[in-house]
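Hello,

Here is the structure I promised to pass on to you. Please have a look at it first, and then read my notes below.

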Amino acid sequence: MYFTLAISAATREGCAALVGAAAGTDPRTMPIPGPPLVAWESEDGRTAILCWPGGTTPPDPPAGAWPGGTTPTDPPAGAWPGGGEPAARSHAGTIWADQNGVHVCTAVTRVDPVYLTEVPGAVVVSDRACWAAAVAGRLREPDPVMVAAFLALGYPLGAATPFRGVRALGARQRATATGGRLVVTADRGDSTGAGSYDPVAAALVDEVRPLAGLDAPVELSLTGGKDSRLIAAALTAAKVPFLARTHGFASHPDVIVAAMIARELGIEHVVTEPRPPTGEQAADQAADEADLLARLRSAVLVSDGMLSAFENVGRPDPVVTTEPVQTGGHGGELLRGGYAPAAWSDRRLLGSARAWSETRGAELFRRMVTRRLSLLRPAASGEYLASLTPFAATLPRGPLRALDDFYLANRAGRWSAAARQAYLIRSPLVQPFFADRVVQAARAVPLPDRITDRLHRGVLARLAPELLDLPLAGSSWKSGPRTPPVRAAATTGSGGASDWRRAYGDQMARLLRDYALDLGAAGGMFELVRRSAAERTLRPPQRDSHAAWALATLAALLSGDWLNARGDGEISRGRTASRPARRTPLPPRA
């Protein structure tokens, strides 16, 4: 994968100044190697596109949309000049340029993100928020909405990014910047509530069918759950050569059920077993200060400042592989109603299941978005609550639908977008559940059918009915025959190791606390977060591990310590980490 930044300025001089700033971006702000390349400039000198290659040469231009990608095919393909590809475009095809200016578009899921920022006399567009912020001189301007959402949800909300003034373009939008002026338009929304299962099955098969032409078999991450088996069924129906891989011990339910699926489909199944550390080894790993520093810094750098170090996002400058192409059940929740299943109940004592679930849905939404609100100072809290207004306004039309929409816009559009980039910088990845056609077809199906697994089972019946009677790992289908699930054995030992990110001792808790408080103070975190509340949250034993990781990650972001992700130096207590320059000189006003 490579990253792209496009500039549209009112004057040739303004564009040249921003090109110079983009070309001179501190390489520590990007998770893959530079230097950036100027890929294209317009004849009038007011439009330019740069690429950050990451040790690979961006195709010139990329040969069509990547199979299984998420970029809409009509447009941008129909919008490109002459019906062909533009002179320069982004990896996902969401950003391109011609003599008429810079053009961008987003898909319904936004998992291939577009970030915008405006400076006097110019517009800067990128698929990397930190690059846009660096060029605009906004790396040191945190967005309180992002900080609040990060603490509550673990990912950004709506259009917010870590940098005030840099925003994520909304779903199904397109924009054109000409002469430094930006015009944004929205596509029509998708219909909901009257669709059938057949279009979903057809869309899944169509999305994976181009993979049949690859030189090597696709590798499917197969578990015992509902989603990856649906991808296995689609690959089989499309006659795509693939093998399945499952990570876990032989006794784990995922491994057991995945083996059943592989046998039924007649595909190769590879199991990779983790090495279970001893209790002493696990404790040492969890409490290693150097590893913790590297994890915190890398989380900010690799995820573009969007995800907590609780997530496994990897390290910068990964070894790049070109095959096999990876795929899996990422995003399958979109077919199952997003967050809505958490509120669904079959309880009928006080009326219909739907009415009862809608009531629970409203309360679930409130608890989810206001979690850890007490950590925030009043000004940041007020700004965050105001940003929730558009989402809260949808509750009267149906809380379950609101939870479904919220998941699409934010969990998929923000969390999955950051996680997807972290994966793509090291390996090609196809995620069929995020494709426009699949999502739109699924959202046309009545929501109760999606929540209760009837859509999943209906699609499975059309693509691979032989898988319908196989059990799930750890849970049961919500509709259809009640096939008993395969559950983990009650014994410990070879069944698996505890997650050290949650189950850590006081030594690890103290490391997180000291880092968050020291670097948080140095980076200005306590201008947005109440220090007394943070101290209580971080006091060992840390009962809310997600909050502890989030606070420490924010400290790395706001202090600028994330710029040390490629180094192994220690942080001296009470000293400020190296920080980006306050501002890059901007072009003169037109």
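**What I found**

Helix 15 (residues 454-463) is mostly covered, with seven of its ten residues buried. Buried here means under 20% relative accessible area, with exposed over 50% and partly exposed in between (1.4 Å probe, protein chains only). Helices (H or I, at least four residues) and strands (E, at least two) are DSSP runs, numbered from the N terminus. Before you go further: this is a predicted model, where local features need pLDDT of at least 70 and side-chain atom pairs count only at pLDDT 80 or more, while totals for chains, interfaces and linings use all residues. Residues are numbered from 1 along each chain as its sequence is written, and side-chain values use heavy atoms, leaving out hydrogens and water.

Back to helix 15: its buried residues are Leu 455, His 456, Arg 457, Gly 458, Val 459, Leu 460 and Leu 463. Among the elements covering them are helix 4 (198-208), helix 5 (227-237), helix 13 (436-443) and helix 14 (447-451).

Next, Ser 308. You will find Ser 308 in the loop between helix 8 (289-302) and strand 15 (326-327). Ser 308 counts as buried because its relative accessibility is 6%. Apart from neighbours within four places in sequence, Ser 308 has contacts (heavy atoms within 4.5 Å) with Phe 150, Gly 154, Ala 299, Trp 549, Ala 550 and Thr 553. Between Ser 308 and His 546 there are 8.3 Å in space, C-alpha to C-alpha, and 238 residues in sequence.

Finally, the cysteines. Cys 15 counts as buried at 2% relative accessibility, and so does Cys 130 at 1%.

Best wishes
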